[in-house]
Amino acid sequence: MFQFKQFSVDQTGCAMKINTDGVLLGAIADADRPATILDIGTGTGVIALMLAQRFADAKIEAVEIDADAAQTAERNFKASPFPDRLLVYALGFESYFEQFPGRKYELIVSNPPFYIDSLKSPGAKKTLAKHTDIDFFEKLIGSIATHLSANGYCWLILPVAMSDMIIALAAKYLLYPRKVINVHSYTHSVAHRVIWGFGVKKTPEEIFKLTIYREEKIYSEEYVKLLQSYFVVF
């Protein structure tokens, strides 16, 4: 059980536990007063819960292909202060969109699996949660482009090494990078993650740097400020 300031997250049955990537995405993903939000691959439901806290008027739907994780997310949603605005579907995003082809969202977020063509993790659940292939991203980006509203935002967090591939796929489906946040462990270290904010409309790209630690085991002021509304320790 992970205790946040306004809700708790049970991680039972989830291969991917709460991690820095997820909470960064939940704190950063933004849109102009979104009324409809979709979290693809919700896992424990933590990102959806963070967005429910931030956007008090939003209806949030989440999809999760792992049935056990989907049940955990559902429990977390029901136990939260926002149960009427959160709904999880135990489906992969492709099946979900086949069932609801007309749905559009003003904000779509995903912390997707990203180990492409690498050694598979031991255990089926971790493999499902962490590993994927290029075809997966082709389908993911194509589906997001189809279901993102004209003024909407899509946010993804991925390793830096995948940047060229993601930019190419986004361009293919007429999604344009509007915000790019390079995530560094320390000021002097190279970026290890990129948080992408894509939109349907082409606008000047804004590039930012986010540093997690000021020094070993001491968080940076920007990281604390970003997560102080959520983390009890801040």
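Analyst: **The aromatic cluster**

Ring pairs join Phe2, Phe4, Phe7, Phe82, Tyr186, Tyr213, Tyr219, Tyr223, Phe231 and Phe234 into a cluster. Two rings of Phe, Tyr or Trp (its six-membered ring) count as a pair when their centres lie within 6.5 Å; planes under 30 degrees apart are stacked, over 60 edge-to-face, and the rest tilted.

This is a predicted model, where local features need pLDDT of at least 70 and side-chain atom pairs count only at pLDDT 80 or more, while totals for chains, interfaces and linings use all residues. Residues are numbered from 1 along each chain as its sequence is written, and side-chain values use heavy atoms, with hydrogens and water left out.

The ring rule gives 19 aromatic pairs. One of them joins phenylalanine 2 and phenylalanine 231: the ring centres are 6.0 Å apart and the planes meet at 55°, so the pair is tilted. This pair links distant parts of the chain. Phenylalanine 2 sits in strand β1 (residues 2-3), phenylalanine 231 in the segment after α8 (221-227), and 229 residues separate them. Helices (H or I, at least four residues) and strands (E, at least two) are DSSP runs numbered from the N terminus.

How accessible are the two partners? Phenylalanine 2 is partly exposed at 30% relative accessibility. Phenylalanine 231 is buried, with a relative accessible area of 9%. Buried means under 20% relative accessible area, exposed over 50%, and partly exposed in between (1.4 Å probe, protein chains only).

Phenylalanine 231 also pairs with phenylalanine 4: centres 5.7 Å apart, planes at 55°, again tilted. This pair too links distant parts of the chain, 227 residues apart. Phenylalanine 4 lies in the loop between β1 and β2, phenylalanine 231 in the segment after α8. Phenylalanine 4 is buried, with a relative accessible area of 1%.

Next, α3 (residues 67-79). It has 13 residues and runs 19 Å from its first C-alpha to its last, close to the 18 Å expected at 1.5 Å a residue. That expected span is 1.5 Å times one less than the number of residues. Ala69, Ala70, Thr72, Ala73, Asn76 and Phe77 are buried in α3. They cover an arc of only 160° around the axis, which puts them on the same side of α3. The arc is taken from the directions from the helix axis to the C-beta atoms. An α-helix has 3.6 residues a turn, so residues three or four places apart point the same way.

The buried residues of α3 pack against β2 (8-9), α2 (46-54), β4 (59-63) and β5 (86-89). Contact means heavy atoms within 4.5 Å. The face of α3 turned away from its buried side carries Lys78 and Ala79, both exposed. At the N-terminal end, aspartate 66 caps α3, with a side-chain oxygen 2.9 Å from the backbone nitrogen of aspartate 68. A polar contact is a pair of N or O atoms within 3.5 Å; within protein, one must be able to donate a hydrogen and the other to accept it, and residues adjacent in sequence count only if both atoms are side-chain atoms.

Helix α1 (residues 20-28) is largely enclosed by the rest of the structure, because 8 of its 9 residues are buried. Among them are Val23, Leu24, Leu25 and Ile28. Asparagine 19 caps the N-terminal end of α1: a side-chain oxygen lies 3.2 Å from the backbone nitrogen of aspartate 21.

**Loops, a strand and cysteines**

Which backbone angles stand out? Arginine 33 has a positive phi of about 45° although it is not a glycine. It sits in the loop between α1 and β3 (36-40) and is exposed at 73% relative accessibility. Lysine 217 also has a positive phi, near 70°. Its place is the loop between β13 (213-215) and β14 (218-219), and lysine 217 is exposed at 73% relative accessibility. Most residues other than glycine have a negative phi.

Serine 149 lies in strand β9 (residues 148-159) and is buried at 15% relative accessibility. Leaving out residues up to four places away in sequence, it touches Tyr105, Glu106 and Val200.

How many disulfides are there? The count is 0, with a disulfide being a pair of cysteine sulfur atoms within 2.5 Å. Cysteine 14 is buried, with a relative accessible area of 4%. Cysteine 154 is buried at 0%.
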